[in-house]
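User: Could you walk me through reading helix packing and nonpolar cores in a model like this one?

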Amino acid sequence: MQGDDDAPWALHLRERLHVSVVARLNQIAQAALAGGAVDLAAQLYELGLKVDDLVEDFYAGLICCHARNGQASLAVTTYRLCQRVLASRLGVMPSQRTTRLYLAAIEGRTAGSGR
């Protein structure tokens, strides 16, 4: 039925599905990264950002992947995107954890698995 997308039951279901997809993507990406599948983890974090670009864990995980691959410039680009999106849409800055991952990446060291 047309117009049912805004019905309270539909909004609630949509939000539950969104939260579930975001959580599962993050969980799978973290497991891939922990298992050494850095490129797969990066792809999953990038997919996560397409699903919801306000999830800071996706940026943090992607920064970690870039750091592990020795791609400091991509880590910087990802961090700056995170800063821009969070500031413009939520009025906040990245967390200390994300900032630490970014700083570690530009110093040429890895700082954990993105969690």
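Analyst: Happy to; we will go from the overall fold to helix pairs and then to the cores.

Analyst: First, this is a predicted model, where local features need pLDDT of at least 70, side-chain atom pairs count only at pLDDT 80 or more, and totals for chains, interfaces and linings use all residues. Residues are numbered from 1 along each chain as its sequence is written, and side-chain values use heavy atoms, with hydrogens and water left out.

User: How many helices and strands does the protein chain have?

Analyst: The protein chain has 5 helices and 0 strands, taken as DSSP runs numbered from the N terminus (helices: H or I, at least four residues; strands: E, at least two).

User: How is a pair of packed helices described?

Analyst: Two numbers do it: the angle between the axes and the distance between them. Here, the axes of helix 2 (residues 38-51) and helix 3 (residues 56-68) come within 9 Å and cross at roughly 150 degrees. That makes helix 2 roughly antiparallel to helix 3 (angles over 145 degrees count as roughly antiparallel). Axes are lines fitted to C-alpha atoms over the stretch in contact, and angles run from 0 to 180 degrees between N-to-C directions.

User: Which residues of helix 2 and helix 3 meet?

Analyst: Among them are A41, A42 and Y45 in helix 2, and F58, L62 and C65 in helix 3; contact means heavy atoms within 4.5 Å.

User: At what angle do helix 3 and helix 4 pack?

Analyst: Helix 3 and helix 4 (residues 72-90) pack at about 170 degrees, with their axes 8 Å apart. They are therefore roughly antiparallel to each other. The contact includes Y59, L62 and I63 of helix 3 and L74, L81 and V85 of helix 4.

User: Which residues touch the most other members of the largest nonpolar core?

Analyst: As a general idea, nonpolar side chains in soluble globular proteins tend to be buried together. A nonpolar core is a set of buried Ala, Val, Leu, Ile, Met, Phe, Trp, Tyr and Cys residues joined through side-chain atoms within 4.5 Å, with buried meaning under 20% relative accessible area (1.4 Å probe, protein chains only). In this structure, the largest core has 20 residues, and L33, A41, Y45, F58 and C65 touch the most other members. Helix 1 (8-34), helix 2, helix 3 and helix 4 each give two or more residues to this core, and the largest share, 6 residues, comes from helix 2.

User: Which residues does C65 touch?

Analyst: Leaving aside residues up to four places away in sequence, C65 touches L33, V38, A41, A42 and Y45. There is also a second, separate core of 9 residues, including V76, L101, Y102 and A105.

Note on methods:
Parallel < 35°, antiparallel > 145°, perpendicular 65-115°, else oblique. Buried < 20%, exposed > 50% of the residue type's maximum accessible area, 1.4 Å probe, protein only.
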